[in-house]
Structures are given as C-alpha cells and as structure tokens.
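Here are my notes for your reading of this model. Please keep the sequence and the structure open beside them as you go through the points.

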Amino acid sequence: MKYRVAVLGAGSWGTALAQVLAENGHDVRIWGHRPSQIDEINQKHTNHKYLPNHILPESIHAFSEMEQAVQDIDAVLFVVPTKAIRSVATELIDKLNTKPVIIHASKGLEQQTHKRISEILLEELPNEKRQAVAVLSGPSHAEEVAKHDITTITAASTDHKAAVFVQELFMNHYFRIYTNPDVIGVEMGAALKNIIALGVGAIHGLGFGDNAKAAIMTRGLAEISRLGVAMGANPLTFIGLSGVGDLIVTCTSVHSRNWRAGHLLGKGQVLEEVLENMGMVVEGVHTTKAARELAQSMGIEMPITQSIYEVLYENKDVKIAAREIMLRDGKKENEFSLSIF
C-alpha cells in the first residue's frame, strides 16, 4: 500500500530514509530549513553535503515550508538533532490537517530535562493531532543504507499496530525491520552508545589497540544496561539490534561522527576544534552531559561516562582519564548482569 510520508530533517540519515521510503513506492516529502539544499534535492536529485556522489530518486520532493510537506500526510518521520525535536514538534502542530503516525529516528537525550525523544513528542503533540509514536533505531549508517548495503534495525512502540505499520512502511530486500515494544530500551541504547563511541574513538586516537576498544565497548554496554534497566527497560533489548548491534556499528566505523570526534580528541584536539572540524552535530557530546546528570540523580554508577564527561567538559587529559579508569578498585564482572538476566 502507498502512503504519504513527511521526513522532517534533510541530513544524511533523513535523506537515506527518504530514499528507502521512495524506493518502496511511497509518496515522500522531505523538509529542511536551508533553501539551497531544498533546491538541490528537487533540481539535481542530490544532497551532496550529506551523501556525496549519490543520486536520489526523482520521486522525492523537498520543501522548505513545513506546511506544504505535511499536507494530507499518513506518517511524519522526525530525523532532526535532539536539541531541535521540541521546537520542530511545536511548529508541526498547527500545520497538520490529518492525524498521522509519528515516527522518530533521532538518538539522544534532551538537555536539562534528560527526557527521551518519544517523551518529548508525546508532550508536544496532543492526542487529537497524532496517532501512536514509534521509534526507528538500530545499527545503521546512512552512507551504507543509501548504497543498499544490508541493514537490520528495530521499530519500537508501545502500540503494536504502530510498530507493524513502521515495519511494513520501510522493509524491503536490503532494509529489514524487527518490532519491539520496549521503547525505553531502544531509545536509551540508541542515545548512550554515542557516548561509548566517543570513548572508543579517543582510545584509538591515543594509539591503543583492539584489546582496549573491546574493553570500553563491553564495559560501556554494562553502563548502558545499568541505567536503562533502572529506567524500566527490558534488559534483553541491550543484547539486541538497538543495544549491542548499534554499539558495535557506532564504535567500529569511520562513518560514525561520534567515533571520529573521539578520535580527534584522542589525537589532542580540544572539543571546540573537534566540533568545528566535524561540521555536523555530534550527539554524543550533549548526551554525555545529560546521561551523567541523569545517572547521578538516580544513583547509577557510570564510570566510563563520567570520564568522558570530564574530558569533554572539564578539560581532563584523555591519557589521564584512561589511566584512572584502569586504576579503579577491582570489581566483579557479573555483579550487575547476574541480577538482570
């Protein structure tokens, strides 16, 4: 069945997902706030800044006016940075003339409130303006999806029908979707893995090898699970696609902007210089601060997150942070995992 879908956000991931939808035969409208980018998508069928040397389906129509993009829509897909979710949702309310399914494919926690993205969307979009809210998340690089590399991710919603709708909307021969009712686990796995990717990138930048990277990833997964379960997540989610799957792909690929940012920090660049060189949002930087504050408020121990916070926000030397992590008091490996599995 053909649906009308508005994609809010014309970055690399929004553009790649718009391509999946268009190739599945849906009516796809993509919205962005830069007129030059919108003109490029409509006239040249490219989005060179975010997906260089890639041609998009001509059936994708781009708009700089949100109202035009969301008219008579069946689903709205948010793919904007976490810090923009609330303002974009607020802008959307008065422009809807239908009651669409709301989907988001962003990864992070809101500053100050520490809220997950679905919580923000539920707050800002009243029941009479929407159907259910669903999350699309998992191990996926936009560059590889655009090239039709095999990709498998998760559609999560507390409303099973909505999760199945998202599954059917996106699934094809190279893009496979599984459903999951654990919205908390999927969103926390998606957000927190970016923190660990910063750490793994920094370790690589310092010149350490695979042993060190495996250690950070494994103990990082323990931290992600510890906080997620305390918030009500199903522990099994963290050994699935949006947990360990997303952690692996984000911590091991040069496509990952969080890994690249961490790598530059490990090479000795200061944060401001790193962010300027990246030229794109590095969600892990903001998520580190939010997660650290959330963990402290809940009494959850997250030493890797704490160390990365100190590097990012207190100018601690990366080498010193790595040494201090190694010299912490000895622990039992399974004191946490035995209690949840």
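1. The chain is divided into domain 1 (4-181) and domain 2 (188-327), with bounds that come from an automatic or database domain assignment. This is a predicted model, in which local features need pLDDT of at least 70 and side-chain atom pairs count only at pLDDT 80 or more, while totals for chains, interfaces and linings use all residues. Residues are numbered from 1 along each chain as its sequence is written, and side-chain values use heavy atoms, with hydrogens and water left out.

2. The pLDDT, which is the predictor's confidence in each residue from 0 to 100, averages 94 over the chain, and 98% of the residues score at least 70. Over residues 337-341, however, the pLDDT is below 50. Where pLDDT is low, the predicted coordinates should not be read in detail.

3. The C-alpha centres of domain 1 and domain 2 lie 25 Å apart, and 24 residues of domain 1 are in contact with 28 residues of domain 2, contact meaning heavy atoms within 4.5 Å. Between them the two domains bury about 2,000 Å², 61% of it on carbon and sulfur atoms; buried area is the accessible area (1.4 Å probe) that two parts lose on being put together, summed over both.

4. Across the interface of domain 1 and domain 2 the rule finds one salt bridge, defined as a side-chain nitrogen of Lys or Arg within 4 Å of a carboxyl oxygen of Asp or Glu. Aspartate 246 forms a salt bridge with lysine 107, and their closest N and O atoms are 2.9 Å apart.
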